[in-house]
Each structure stands twice: as C-alpha cells, then as structure tokens.
Amino acid sequence: MTQRPQSVTVFSILLAAAGAVGLVYHLNEINVNHPFQNEALQVELFRLLAIVAGVYMLRGRNWARWLAIAWISYHVVLGAFHSFQQFATHLVLLAVFAYVLFRRAATEYFRGSKRTDEMKPDATNP
C-alpha cells in the first residue's frame with residue numbers, strides 16, 4: 001500500500017473532529033420524549049457520517065472519500081437554502097475537498113494494494 005498523503009491525514013482528522021464536535025454540540029437538541037419532533041436526529045446522523053468518513057479515510061477506504069464528498073455536497077445544498085454566504089463557503093470547501101481527495105497521490109493511496117482482509121481465496125493461486 002502506498003503511504004498516506006499528509007493532506008489526506010489532515011482532512012481526515014479535521015472531518016472526524018468536526019463531526020465529533022458537532023455531535024456533542026447538537027446532542028442537547030434531542031428531545032428524548034419526542035425524538036422525531038425536529039431534525040435533531042438527522043443532524044446527529046450527518047455528524048456521525050463525518051466521523052465515519054474521517055476515520056475510514058485514515059484507513060484508506062475508497063468509499064470513505066466518496067462519503068466525505070457526499071457529506072460536504074449535502075452541506076452545499078443545505079447552505080443554498082440558508083444564505084449565499086453559507087452556500088459559497090460550502091462550495092469552496094467542496095472544491096478544496098475534491099482537489100485534496102482526488103489528486104494523484106490521494107487516488108493512489110485510496111486505490112492501494114489489495115488488503116489482506118479484503119482478499120478472497122483464489123483457486124488458481126493457492
């Protein structure tokens with residue numbers, strides 16, 4: 001497996017940290033008696049997705065970088081409904097995420113070599 005680019009490490013940690021901070025910050029908004037009364041559970045789910053994406057990007061999982069792109073894309077759409085400033089900020093973040101996560105070094109890292117836990121037995125190669 002190729003070495004993880006430093007930019008991927010930084011973005012993975014920032015994404016997981018943003019998810020964790022947001023998860024704790026929005027935790028008090030959940031009404032235990034009526035958990036589906038507002039969108040608090042949805043917010044917590046999306047924060048949890050950020051943590052999952054960040055952690056698994058550190059582990060070199062390709063699906064995790066796509067999850068990170070989907071996560072920030074969701075925020076671009078959400079920001080469009082709030083203000084132009086939020087929309088523009090998230091759009092710039094999406095461009096930066098895409099640049100960092102889809103550069104050649106990052107692509108090679110996420111492509112990696114076959115991991116032992118993902119290898120399937122091959123009848124022709126005992």
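Trainee: Which hand is the crossing of H1 and H2?
Mentor: H1 and H2 cross in a left-handed way; that is, the near helix is turned anticlockwise from the far one by less than a right angle. This is a predicted model, where local features need pLDDT of at least 70, side-chain atom pairs need 80 or more, and totals for chains, interfaces and linings use all residues. Numbering starts from 1 along each chain as its sequence is written, and side-chain values use heavy atoms, without hydrogens and water.
Trainee: What is the angle between H1 and H2?
Mentor: About 155°, with the axes of H1 (residues 6–26) and H2 (residues 40–58) 8 Å apart. Axes are lines fitted to C-alpha atoms, for helices over the stretch in contact, and angles run from 0 to 180 degrees between N-to-C directions. H1 and H2 are therefore roughly antiparallel, a label for angles over 145 degrees.
Trainee: And how do H3 and H4 pack?
Mentor: At about 165°, axes 7 Å apart, and their crossing is left-handed.
Trainee: Which residues of H3 meet H4?
Mentor: Among them are Ile69, Ile72 and Val76 in H3, while the H4 side includes Phe87, Leu94 and Phe97. Contact means heavy atoms within 4.5 Å.
Trainee: Switching topic, how many helices and strands does the chain have?
Mentor: Five helices and zero strands, both taken as DSSP runs (helices H or I, at least four residues; strands E, at least two).
Trainee: How much of the chain is buried?
Mentor: 32% of the 126 residues, where buried means under 20% relative accessible area with a 1.4 Å probe, protein chains only.

Notes: Parallel < 35°, antiparallel > 145°, perpendicular 65-115°, else oblique. Buried < 20%, exposed > 50% of the residue type's maximum accessible area, 1.4 Å probe, protein only.
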